[in-house]
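This report describes selected parts of a predicted model.

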Amino acid sequence: MFLVTVKLLPIIIAVTAAKKFNLDQFVALGIAASMVYPNIVALNDSKNVLMTLFKGTFVESNIHVTFLKIPVIMMNYSSTVIPIILAVWFASHVQKLAKKIIPEMVQLFLVPFFTLIITVPITFLVIGPVASWASDALSTLFQGIFNFSPILAALLMGGFWQVFVMFGVHWGFVAVFYAELASQGFDQILLLSISVCFAQIGVVLGIMLQTKDPKTKALAIPAFISGIFGVTEPAIYGITLPRKKSFVLSCIAGAIGAVCFALGNVKAYSMAGMGIFAFPMVIGKNGVDATLYWTFASIVVSFIAGLLLQLILGKSAVDPEGEVAKGKAAAVAQAASEAADINEHAVKVQQAQNTYNQATKLVSPLSGQVLALSAVKDEVFSSGAMGQGLAIEPSEGTLYAPADGHVALVFPTGHAIGLNTTAGAEVLIHIGMDTVNLEGKGFETLVEKGQEVKAGDPLVKFDLEAIKAAGYEVTTPVIITNSKNYHQIKAFATGQVTVGQALLDLE
C-alpha cells in the first residue's frame with residue numbers, strides 16, 4: 001500500500017497544490033496522471049534511443065521520443081514532488097489567462113482543455129527536467145561540500161534546511177539518502193536536518209515566554225508539542241515565519257546543532273521520522289554507542305541555542321511592531337474607532353426614512369468563493385445586525401469598487417472600507433476577521449475618504465498570505481448597511497466569482 005502511494009505521489013500532491021494555487025482540481029489531477037501514466041513512465045527505460053543530449057555532463061539525457069520534433073527528456077516522475085508543484089503553479093496562470101480570453105458561455109469545457117493542452121507538453125519539455133536537475137544538483141553540491149568539510153556542510157544544511165523544505169527541494173536529499181543507504185549502508189547528510197526541529201521549538205518556547213498576546217500563546221503551545229514529534233509546519237508558518245527575525249534565529253540555531261553531528265561523525269543507518277522519532281536512525285549494528293549520544297547532544301544544543309537566541313535577540317519581533325504595550329494600545333484604540341464608525345453607520349440606517357431606494361445591482365469586489373453571511377464566524381456580521389449581504393473567501397489580494405459612488409469611510413488600518421453608491425446603497429466591506437489587530441500590516445489603501453470611484457476601481461490591496469500566516473481568516477463580508485431601505489436583497493452569484501461579475505440585486 002505504501003509503495004503504491006509513493007508511486008502516485010504527484011497525484012496526491014496535485015490536489016493540495018491546486019487548492020494553494022486556485023487551479024481546478026480535476027485539471028491538476030489530469031496533469032499529475034499524465035506524469036505517472038504507465039506507458040509514459042516506461043519510455044524512461046526504453047532501449048530505443050533517438051539521440052543523446054548534453055553528453056558528458058551531469059544532465060546527460062537519452063532521448064526516446066519527440067513532441068512536434070522537439071526532443072523530450074523523459075524522467076520517472078512517479079515519486080517526485082517539485083515537478084508537479086511547479087506544473088500546477090504554471091497551469092494556474094494558464095487557466096487565469098484562458099478565463100480572460102475565452103467567452104464565459106464556453107469556459108466550462110474550453111478553459112480546462114486549453115489549460116491541459118498547454119501545460120502537459122510544457123511540463124514534459126521544460127518544467128519536469130529542470131526541476132529534477134535543480135534538486136539533484138543541489139544534493140550533489142552538498143555531497144561535495146560534505147566531502148570537503150563536514151562542519152561546513154552541517155552549517156549550511158542545518159541553516160538552510162527549512163528554506164529547502166519551503167521550496168520543496170529537500171526531496172533531492174531524500175533521494176541521495178536512499179542511494180547512499182543502498183550503496184554503503186549509511187548516510188551522513190540528511191541526518192544534519194534533524195537538529196532543525198528542536199531549534200524551531202526552542203525559538204517557539206522563547207516566543208511563548210516573551211509574548212503578552214493570548215492568541216500567540218494559544219498558537220505556540222500546540223506548535224511546540226507537534227515540533228517535538230517532527231511536525232514543524234505549525235511552528236514555522238504560524239509562529240516564526242511571520243516574525244522574520246525569529247525564523248532566521250531558528251535557522252542559525254539549527255546550523256549550530258547540526259555541527260554536533262559533524263563533530264561526532266554520526267551516521268544514519270535507516271530511515272525514521274523527524275523529531276524524537278529520529279533516534280532509531282543512528283542505531284546500527286553496534287547498538288547504542290557514541291553516535292546516539294552525539295545525536296542527543298545535537299538536539300539539546302539546537303533547542304538551547306534557539307531558546308537563548310530568541311530570548312536575547314528576538315524579543316523585538318515577538319509582538320506587532322516589537323512594542324507590546326504600544327501594540328495593544330493601538331489595537332484597542334483601533335477597535336474603538338471601528339466600533340464608533342460602525343455605530344455611525346447603524347445610526348444612519350435607523351435615522352433613514354421608511355421610503356425605499358431605487359433598485360440597483362452590485363458587482364463582485366473580489367475574486368473568490370461566495371459564502372452565505374450566516375457562515376461568517378463573527379456574529380456581528382452573521383447575525384445580520386449590520387445589514388444583509390454575503391461574504392467572499394478571496395483568492396486574490398485586491399479589493400475593487402462594486403458600483404459607482406464615493407468613498408464614505410476608510411479605516412486607517414486599511415482592513416475595511418465604506419462606499420455610498422450613486423444609487424443610494426451604503427456598502428461596508430470588511431477584509432478578514434479581527435484584522436484590525438494587524439494595525440495596517442499587509443494592507444495598502446488606494447483611495448481616500450470622499451473620493452469618487454467607478455465600479456471596478458481598485459480600493460485596497462492586501463497580502464492574503466501574510467494575513468493567513470498571522471493567524472487571521474480572510475473571509476470578507478460585503479454588507480448593505482441600509483438594508484431597510486430595500487424590499488429585498490438577493491445574491492446573483494454562488495460558488496466561484498470573479499471581479500466585476502454580478503453579485504447582489506438590491507430591490
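## Packing of H9 and H12

At what angle do helix H9 and H12 pack, and how far apart are their axes? Helix H9 (residues 194-210) packs with H12 at an angle of about 140 degrees, and the two axes are 8 Å apart, where axes are lines fitted to C-alpha atoms, for helices over the stretch in contact, and angles run from 0 to 180 degrees between N-to-C directions. H9 is therefore oblique to H12, since angles under 35 degrees count as roughly parallel, over 145 as roughly antiparallel, 65 to 115 as roughly perpendicular and the rest as oblique. The crossing of H9 and H12 is right-handed, that is, the near helix is turned clockwise from the far one by less than a right angle.

On the H9 side the contact (heavy atoms within 4.5 Å) involves Ile194, Ser195, Val196, Ala199, Gln200, Val203 and Ile207, while H12 contributes Ser246, Leu249, Ser250, Ala253, Gly254, Gly257, Ala258 and Phe261. The residues of this contact divide into nine nonpolar, six polar and no charged; Ala, Val, Leu, Ile, Met, Phe, Trp, Tyr, Cys and Pro count as nonpolar, Asp, Glu, Lys and Arg as charged, and the others, Gly among them, as polar.

## Two lysines

Lysine 245 belongs to helix H12 (residues 244-263), helices being DSSP runs of H or I with at least four residues and strands runs of E with at least two, numbered from the N terminus. Its relative accessible area of 39% makes lysine 245 partly exposed, as buried means under 20%, exposed over 50% and partly exposed in between (1.4 Å probe, protein chains only). Leaving aside neighbours within four places in sequence, lysine 245 is in contact with Leu313, Ser316 and Ala317; the C-alpha atoms of lysine 245 and leucine 313, 68 residues apart along the chain, are separated by 8.6 Å.

Lysine 267 lies in the loop between H12 and helix H13 (290-313) and, at 19% relative accessibility, counts as buried. With the neighbours within four places in sequence again left aside, the contacts of lysine 267 are Phe186, Asp187, Gln188, Leu191, Met281 and Val282.

## An open sheet

Three strands, in the order S5-S18-S16, form an open sheet with antiparallel pairing, where two strands pair if DSSP finds at least two bridges between them. Strand S5 (360-363) and strand S16 (489-491) stand at the edges with a single partner strand each, so one side of each is left without a neighbour in the sheet. Neighbouring strands of this sheet are turned by 20 degrees against each other on average, direction ignored.

S5 and strand S18 (residues 502-506) pair in the antiparallel sense over four bridges, and leucine 506 in S18 is the bridge partner of threonine 360.

## Basis of the values

Residues are numbered from 1 along each chain as its sequence is written, and side-chain values use heavy atoms, with hydrogens and water left out. Because the model is predicted, local features need pLDDT of at least 70 and side-chain atom pairs count only at pLDDT 80 or more, whereas totals for chains, interfaces and linings use all residues.
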